[in-house]
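This report describes selected features of a predicted model. It treats strand pairing, helix packing and a pocket in turn.

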Amino acid sequence: MAVGGGIRQTSTSTMHSAKTIFAATVAAVCFMNPSVRAENLTPVALRCEYRVNPQGVDEAQPRLTWRVESSARGAKQAAYQILVASSVEGLRKNSGELWDSGQVAGNQTVNVVYAGKALTSGQECFWKVGVWDAAGKAHWSTVASWTMGLLRPEDWRAGYISFRDTTPVGKKAATPWLPPAHQFRKEFAAAKTVKRAMIYATALGIYELYLNGQRVGDARFAPGWTDYHQRAYYQTYDVTPLVQRGGNALGAWVADGWYAGYVGFGWGAGFGPEKTGRDLYGKTPALMAQLEIEYTDGTREIIPTDNTWKVTGEGPVREGDFLMGETYDARKEMPGWTRAAFDDTKWEPAIAARENGPAPATFYEDANGDNPGSNTKVKGHPVNVGFQRPAKLEAFPGLPVRPIQEIKPVAITSPTNGVYLFNLGQNFAGVVRLKVKGPAGTEIKLRYGEMLYSDGRLMTENLRKARATDHYILRGDKHGEEWTPRFTFHGFQYVEVTGYPGKPDKDAITGIVLHSDTPLTSGFECSDPMANRLFQNVVWTQRANFVDLPTDCPQRDERLGWMGDAQIYAHCATLNADVSAFYTKWLREVMEAQRPSGTFPGYCPYPFQAGWDFGTAWCDAGVICPHTLWQAYGDTRIIERCWPFMVKFMDWRKSTSKDFLGIKQGNDWGDWLSFGTKTPLEYVDTVYFAYSAKLMADMAAAIGKGREAEEYRELFDHIKTAFNQKYVQADGTLAVDTETAYALALYMDLLPADQRLTSGKILADKLRGGETAENSGMTTGFLGTRPLLPVLTSVGENDLAVKHFQSRKFPSWGYEVAQGATTIWERWNSYTKEHGFGGENGKQNASMNSFAHYSFGAVCEWMLNDLAGLQADGPGYEKVIIHPHPPTPGSNMAHEPIHWVKAHYDSIHGRIVSNWRRTESKFELEMEIPANTTATIWLPASSANQITESGHPLARAHGVKLMRMEEGWAVLETGSGIYHFVSR
Ligand code: BGC
């Protein structure tokens with residue numbers, strides 16, 4: 001049956017015989033909840049493999065997650081029971097015929113591994129969870145579900161189909177080669193009453209499906225980007241309500257996407273088949289789908305893609321390319337093509353994709369130099385860009401790209417006659433909906449840009465080879481027409497419209513924000529309005545770059561999964577959105593892109609090699625990102641899945657290191673976009689080698705690999721010793737005298753414990769000493785900026801950290817905001833009111849000037865973790881630390897030091913809140929942690945007697961325990977609930 005909104009709560013709270021809960025569990029739960037009363041625990045937010053009621057899961061043992069909610073303090077789940085059944089009816093009768101976990105003592109709610117009967121292809125699974133509170137009362141959830149995907153290769157009855165492609169393999173040309181998107185269709189009859197109908201679909205290219213005139217699902221850019229030679233994803237859709245008795249029709253759009261379209265800077269750099277920058281995986285898109293119908297009489301039917309389908313390239317999408325844009329000729333629309341009884345006699349029969357035969361070409365890309373210091377060279381090697389079946393097909397494990405939000409223009413200007421510029425007021429990634437009325441054949445051109453020149457013209461220099469232009473040709477409907485491109489997206493705030501019939505009003509253009517549908521999970525506000533705008537800018541930049549994979553930027557001819565950017569920002573990403581499924585997906589591409597040497601490349605997927613096939617600190621993302629996911633979601637399976645790849649990577653790192661030190665090797669990105677003295681690559685390489693070793697030790701321990709944990713811990717110690725011998729002096733100074741060198745060494749725990757404060761003070765003095773009337777004193781680039789403020793706060797220089805954070809001087813976050821930024825920029829001075837885009841000397845590289853680059857936005861991690869003080873104490877936020885870091889009043893002459901913060905984070909266990917306010921005489925903290933968690937709270941206080949909670953002296957506060965006083969802080973412990981502390 002169809003799953004979705006239709007399933008109702010099964011009320012079952014009394015259905016289980018109350019089993020005795022282990023006394024020990026109860027005792028543990030009672031730790032901070034002496035009254036042991038019923039807590040009204042509610043299990044909510046049931047998810048399977050991090051997704052709500054997912055269709056087509058191909059994990060043999062999917063993991064189940066829920067949250068418990070309660071308004072009581074100290075609420076904890078004492079035990080749980082999961083029931084999984086193959087029908088809702090079964091579950092209603094409380095039969096978990098697929099799996100009954102039995103009552104399991106403990107508070108686990110995250111990633112419980114299914115351990116029932118073996119699940120089969122296409123199987124429907126319905127589940128619910130019961131949780132017991134400390135008083136032994138059971139509370140049951142509503143029903144959730146998942147369905148299984150096609151688990152065995154032989155389940156695929158469909159084959160890849162395509163159109164007959166007679167075009168030769170392209171050569172590099174001055175203008176882009178942009179073929180039309182193709183439409184495929186198939187009519188079929190459903191003779192009997194349909195019980196269940198599922199579609200499994202994938203493409204080499206990107207596809208959209210229709211059934212009887214209705215769009216199937218709402219995902220954009222499916223099936224997502226993989227190395228299509230090795231692996232592709234398929235999506236699963238429940239289309240039960242769409243199949244009708246009698247005549248039906250399936251329709252599919254298929255466009256080039258990442259498979260055959262322009263990707264990255266390939267065209268500009270002359271990479272790819274015949275240096276074209278396109279057709280990187282193959283030249284002819286293909287579709288594979290099958291509709292599986294189950295009739296009420298128990299019979300089944302499969303409608304697979306095969307040569308009985310029809311195809312045409314004569315439809316309205318004349319061009320559809322991520323980087324170049326879309327051209328849509330509405331005169332070529334074919335109304336009714338996805339419905340039965342459409343006349344497709346002019347369409348061609350589809351062919352098996354392999355029938356197009358091999359398409360030999362020479363693929364150009366860089367090859368590594370002969371030794372670590374040497375240059376790379378472009379080389380050509382023979383490839384076949386004809387059809388090749390992906391070696392593996394996997395169920396899409398991520399979250400689809402979807403239209404998430406609509407944006408109305410804030411202003412329309414007309415810089416020249418007939419040209420209209422729409423300002424959407426916000427830089428973002430997506431498309432527009434165009435509304436227009438006019439004569440057939442009228443052509444409207446839409447160009448996109450992030451910024452305007454001072455004379456009001458659209459700035460597109462920074463798009464490089466991305467044409468980022470859409471065209472719409474009117475069919476001449478007298479009621480008006482509407483259009484939204486399907487197969488492209490742009491990074492933009494401004495849309496330039498040429499050729500519009502008459503004068504457009506604000507309704508003519510609506511911005512449609514597209515990104516992977518990762519639910520937002522954070523909030524931040526404070527007493528400095530600059531910081532509030534900055535927070536919004538960080539979140540918008542994350543949204544603009546989480547389009548199927550974490551990209552560097554959404555606008556220019558790049559949009560690649562750059563690994564350095566990803567590792568710098570990954571922790572911040574987990575704070576701002578639930579990216580569990582999103583990174584689970586991308587990490588498969590990362591592991592798949594591992595180089596033969598064992599290193600990880602600069603970006604993943606890796607369609608071509610540019611420069612060396614790795615760069616230090618970029619390659620380490622292969623270890624850092626899985627570690628980050630584990631920390632955020634308590635996910636040990638991701639460690640297990642990545643483990644062999646990570647070990648191979650560490651073996652490579654060990655083999656390139658000399659005497660436990662890093663070397664100058666690979667692409668020299670280093671502390672990318674820093675100012676002043678460069679931090680040498682061999683220093684960065686040592687630091688990241690150590691960091692990766694340390695994370696490996698922690699991850700090994702987390703998955704029960706004790707021996708490996710020990711080995712990586714020893715490796716870390718060796719690197720640390722070598723690092724200290726080479727770089728660290730007894731007075732706490734470092735041989736490499738840059739802010740980044742200090743920030744990294746402190747952040748990655750490479751200094752002797754007794755030297756941290758001294759070295760931290762040296763770093764602080766460098767920043768302080770570097771400040772002038774015009775300059776903030778910060779010199780750090782991508783690598784050094786992320787740890788800068790966390791490190792300053794951790795070495796007792798929080799006032800400086802907050803002061804620098806609030807600076808509006810160049811370079812700083814406040815400077816960007818003061819220049820009008822609505823997203824985070826690639827460069828601190830991407831644009832200045834004074835010097836425009838050219839920078840101070842007018843020579844700034846416009847082609848490397850993105851206005852939506854998230855790396856410097858990693859400061860959001862400090863805003864939430866340190867300033868607001870919301871931190872995890874170990875993996876998965878089961879234990880939380882609330883440790884606000886208010887600056888000292890009067891510690892900043894330029895801007896009033898931040899004196900209140902309101903922040904929250906929706907962790908996998910639920911919402912964590914830290915709202916604090918400091919006045920001359922008191923400090924107030926309103927905090928909340930979810931059921932099932934405990935918190936350690938750091939409250940500034942001179943003595944415990946000076947603290948009240950909800951108006952009561954601390955000693956009488958319910959559910960709060962004073963652990964100790966430590967250097968002006970009271971350290972407290974609480975269980976779940978809302979607490980209001982005041983200290984003086
Ligand atoms: C990207 C960066 C990336 C870098 C490597 C750039 O083109 O936009 O963000 O990390 O290359 O240095």
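In what order do the 7 strands of the open sheet stand, and is the pairing parallel or antiparallel?

## The seven-stranded sheet

The order is β38-β43-β44-β45-β51-β47-β48, and the pairing in this open sheet is antiparallel. At its edges stand β38 (522–526) and β48 (952–953), each of which pairs on one side only.

Within this sheet, β47 (residues 947–949) is joined to β51 (residues 977–983) by 3 bridges in the antiparallel sense. Thr948 has Val982 in β51 as its bridge partner.

Strand β2 (residues 63–69) pairs with β6 over 2 bridges, in the antiparallel sense. Here Arg63 lies opposite Val113 in β6.

## Packing of α14 and α17

Two packed helices are described by the angle between their axes and the distance between the axes. For helix α14 (residues 782–794) and helix α17 (residues 859–867), the angle is about 25° and the axes are 7 Å apart. Angles under 35 degrees count as roughly parallel, and α14 and α17 are therefore roughly parallel to each other.

On the α14 side, the contact involves Arg786, Leu789, Pro790 and Thr793. These meet Val859, Glu861, Trp862 and Asp866 of α17. By class, the contact of α14 with α17 comprises 4 nonpolar, 1 polar and 3 charged residues.

## The second largest pocket

The second largest pocket has a volume of about 1,000 Å³. It is lined by 30 residues, of which His571, Tyr747, Glu861, Asn865 and Gln871 are the closest to its centre. Glu861 also takes part in the contact of α17 with α14.

Which elements give two or more residues to the lining of this pocket? They are α8 (621–633), α10 (681–702), α12 (739–747), α14, α17 and β41 (870–872). The largest share, 6 residues, comes from α8. By class, the lining of the second largest pocket consists of 12 nonpolar, 10 polar and 8 charged residues.

## Summary

The helices α14 and α17 pack against each other at about 25°, and both give two or more residues to the lining of the second largest pocket.

Methods
Residues are numbered from 1 along each chain as its sequence is written. This is a predicted model: local features need pLDDT of at least 70, side-chain atom pairs count only at pLDDT 80 or more; totals for chains, interfaces and linings use all residues. Side-chain values use heavy atoms; hydrogens and water are left out. Axes are lines fitted to C-alpha atoms, for helices over the stretch in contact, and angles run from 0 to 180 degrees between N-to-C directions. Helices (H or I, at least four residues) and strands (E, at least two) are DSSP runs, numbered from the N terminus. Angles under 35 degrees count as roughly parallel, over 145 as roughly antiparallel, 65 to 115 as roughly perpendicular and the rest as oblique. Contact means heavy atoms within 4.5 Å. Ala, Val, Leu, Ile, Met, Phe, Trp, Tyr, Cys and Pro count as nonpolar, Asp, Glu, Lys and Arg as charged, and the others, Gly among them, as polar. Two strands pair if DSSP finds at least two bridges between them. On a 1 Å grid over the protein atoms alone, a cavity is a set of points where a 1.4 Å probe fits but cannot get out, and a pocket is an open set with protein on both sides within 12 Å along at least five of seven lines; lining residues have an atom within 4 Å of a point. Grid points are joined across faces, edges and corners, and a volume is the space filled by probe spheres set on the points.
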